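User: Please take me through the charged side-chain pairs, setting each value against its definition.

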Amino acid sequence: MGKIIVAGIGPGSKEDITPAVLDAVRAADAIVGYKYYFQFIQKYVQNGCECIDTGMKKERERAEQAFELAEQGKTVVVISSGDAGIYGMTPLVYEMKQERSSDVEIESLPGISAFQKAASLLGAPIGHDMCIISLSDLMTPWDVIERRIKAAAIGDFVTAVYNPKSHGRYWQLYRLVELFLQQRSAETPVGCVRQAGRDEQEIKVTTLGEFDPEDVDMFTVILIGNSQSYIIDGHIITPRGYYRERGDEGVKPGQQIMIESFRTIESELRNKDIPLDHKWALLHAIHTTADFEMERILYTDDHAVEMLYNKVANGELKTIVTDVTMVTSGIRKGALVRLGVEAKCYLSDPRVAEMAAAQGITRTQAGIRLAVEEHPDALFAFGNAPTALMELCDLIRKDKAHPAGIIAAPVGFVHVRESKHMVKPFKDIPKIIVEGRKGGSNLAATLCNAILTFDDAAQLKPGRDL
């Protein structure tokens, strides 16, 4: 009984064929393969070796011929491009052995796959977890392929795309891009390599937002980076994490946990293509609540976080006024001391109870009235009382208050939504608003912390003052 060796001959360059595969080709009694691939191994074939080539889509016929020859006692090499085990002949040969109940020995020799060759030409795009998806629906239903695309995009895998397009399959690649853009930033690097390792080789580096499926054909392998991938000097790099770990040296355990949490949250955001200051506030909000609905309901005026931080850094903003003491206690004391800012709540002021009783208003309303008298230009942060927020709006309209900014995050069911709607018309005041019924003291406090630490946003390094 003979033997079948299924060999991956690499993407097309003789330099990319492994010595083990060359030895097998030289020793073969017969070689079976798609006719296009014989040009890459022809000079290594021994005299008298029987070469059987066929056209495309003749995989079963090639496998059957290989078994017929091997069952005559011959050593048969079945060649596939790339790695024969990746969208190649190896699975078919093993299945056919079982189907025929054959005693023929099977050996598989790995080759350099097209995605590996493409990756080497593009730089280092597959430095972390990755997957491979074929867009050919000849043997796999499109619904299954689409589920795999969604899983890859959601899972933040670096993704290699095989069989991206053909004359009859023109729309599938457009759909893949559409699905990826639902989960990935438009700035995600994309590399396209056509005829990798061959004389006709073409390389292009672009982004998911700029990628044009019309530039691609059946001979192209596409590599889509993950959320950490970046382009430098025309190459795509997907970091493994070594430099990030070195950059975290000296970080205390509590801060390290917070940094890792922020990285996790950022990787799971649906829309990563957002301004840095809004993202910084959003990461704080999700970290505090574990609620990704914040992506939908957290509103910030353009550059609100950045503008308020600059006021703090320039010494213009010295006071934060809160509606309840729980907000004050959640603002990091280290940040307040470092920046020379005072956080105040007037609820415990003895004047508040007197004013509330005398004027028939809530204590939080009274606290805001007193605060405005003493600090009309403070940053006002609300995490509990919609009546207090409504009071501030009224005082602004009466020209008695001129807040540096407003954080509107009261929580509840009565007047909560209305109080937030009342804030929005003040176009000249930077605002951060948690829309709808949701909010809370913890949210108001963490949004204050986002402002006070905005200079850490670019490095995604929260928790300095823990």
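Analyst: The structure holds 31 salt bridges, a salt bridge being a side-chain nitrogen of Lys or Arg within 4 Å of a carboxyl oxygen of Asp or Glu. This is a predicted model, in which local features need pLDDT of at least 70 and side-chain atom pairs count only at pLDDT 80 or more, while totals for chains, interfaces and linings use all residues. Residues are numbered from 1 along each chain as its sequence is written, and side-chain values use heavy atoms, with hydrogens and water left out.

User: Why is the contact of K74 and E50 called a salt bridge?

Analyst: The N to O distance is 3.5 Å, and because the definition asks for such atoms within 4 Å, the pair qualifies. K74 lies in the loop between α2 (59-70) and β4 (75-80) and E50 in strand β3 (residues 50-54), so the pair ties together parts 24 residues apart in sequence.

User: What makes K165 buried?

Analyst: Its relative accessible area is 10%, and buried means under 20%, exposed over 50%, and partly exposed in between (1.4 Å probe, protein chains only). E214, at 49% relative accessibility, therefore counts as partly exposed.

User: Which residues are linked in a network of salt bridges?

Analyst: That network links E146, K150, R175 and E178.

Key:
Helices (H or I, at least four residues) and strands (E, at least two) are DSSP runs, numbered from the N terminus.
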